[in-house]
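Visitor: I would like to learn how to read a structure like this one. Please take me through some features, one at a time.

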Amino acid sequence: MARTITVKGVGKATVKPDQVVIRMSFEAKDKNYDQAMALAAQQVADLKRAFANAGFEKDALKTTDFDIRTDYDRVKDRNQNYISVFAGYECTHRAKVVFDWRADLLAAALGAIAASMVNPTINIDFTVKNPAAVNELILQDATQNAKRKAEILCAAAGVKLGQLLDINYNWGEIELYAQTKYSVDDCLAASCAPCDIDIDPDDIQAGDTATFVWEIV
């Protein structure tokens, strides 16, 4: 049986964010189904118009999830027992806007949201436009890291590193988001447009692993 050495390579990469993702969630509710749907459509149209007025593409707003459900209130009947009473139809719309990272564009996007009448819940992330390139850097680093470890171990043991026999890698999704948190209070977003603030998001630090098997000669 051939002698082998198995080493886990750890790859890391540090990159600057070059893209912003603003995620929004907003609701429309009415006891009449058609009215609830009409209100939901109006909210989307209002946001799209606000973003277009701020200089974004007309299709900048992208829906990520849309859900409509019946809503019920818990109330007491004449016998003081709780019962469910139909309260209406509730539409929950989740959408996002993605654009190149620039402080002025972020201010313009938040200004567009403030100019609308929707008042959504907002979440802002700083990420990268080309995650595949970052993943490639990480895997290259993991490969080099594993080989260095294997060479050090073999040299210490008085043997030589032979042919690479196997690579085991889990092709999972790597989260590429900066740790910087940019928060806007919902009430503030609904009442005024934020000014252009000179912020510098933290670098994105990501890593991954792969396992390598070499022959020992």
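This is a predicted model: local features need pLDDT of at least 70, side-chain atom pairs count only at pLDDT 80 or more; totals for chains, interfaces and linings use all residues.

Visitor: Is glutamine 43 buried or exposed?

Guide: Buried means under 20% relative accessible area. Glutamine 43 has a relative accessible area of 12%, so it is buried.

Visitor: How do I read the packing of helix α1 and helix α2?

Guide: Take the angle and the distance between the axes. Helix α1 covers residues 33–53 and helix α2 covers residues 103–115; they pack at an angle of about 140°, and their axes are 8 Å apart. Because of that angle, α1 is oblique to α2. The crossing of α1 past α2 is right-handed.

Visitor: Which residues of α1 and α2 meet?

Guide: From α1 come Leu47, Ala50 and Phe51, and from α2 come Ala109, Ala112 and Ile113. By type, the residues of this contact divide into six nonpolar, no polar and no charged.

Visitor: Which residues of the largest nonpolar core touch the most other members?

Guide: A nonpolar core joins buried nonpolar residues through side-chain atoms within 4.5 Å. The largest one here has 46 residues, and those touching the most other members are Ile22, Met24, Phe51, Leu106 and Ile124. At least two residues of this core come from each of β1 (4–15), β2 (19–30), α1, β4 (82–100), α2, β5 (121–127), α3 (131–157) and β7 (204–216). Phe51 also takes part in the contact of α1 with α2.

Visitor: Where is isoleucine 138 found, and what does it touch?

Guide: Isoleucine 138 is in helix α3. Leaving out residues up to four places away in sequence, isoleucine 138 touches Gly11, Lys12, Ala13, Ile174, Ala206, Gly207 and Asp208. Its relative accessibility is 0%, so isoleucine 138 counts as buried.

Visitor: What else can be read for aspartate 100?

Guide: Aspartate 100 belongs to strand β4. With a relative accessible area of 38%, aspartate 100 is partly exposed. Its contacts, not counting residues up to four places away in sequence, are Asp18, Gln19, Leu105 and Lys129.

Visitor: Where is asparagine 119 found?

Guide: Asparagine 119 is in the loop between α2 and β5. At 39% relative accessibility, asparagine 119 counts as partly exposed. Proline 120 lies in the loop between α2 and β5 as well. Proline 120 has a relative accessible area of 1%, so it is buried.

Visitor: How many residues separate proline 120 and alanine 60 in sequence?

Guide: Proline 120 and alanine 60 are 60 residues apart in sequence. In space, the two are 16 Å apart, C-alpha to C-alpha.

Methods:
Residues are numbered from 1 along each chain as its sequence is written. Side-chain values use heavy atoms; hydrogens and water are left out. Axes are lines fitted to C-alpha atoms, for helices over the stretch in contact, and angles run from 0 to 180 degrees between N-to-C directions. Helices (H or I, at least four residues) and strands (E, at least two) are DSSP runs, numbered from the N terminus. Angles under 35 degrees count as roughly parallel, over 145 as roughly antiparallel, 65 to 115 as roughly perpendicular and the rest as oblique. A crossing is left-handed if the near helix is turned anticlockwise from the far one by less than a right angle, and right-handed if clockwise. Contact means heavy atoms within 4.5 Å. Ala, Val, Leu, Ile, Met, Phe, Trp, Tyr, Cys and Pro count as nonpolar, Asp, Glu, Lys and Arg as charged, and the others, Gly among them, as polar. Buried means under 20% relative accessible area, exposed over 50%, partly exposed in between (1.4 Å probe, protein chains only).
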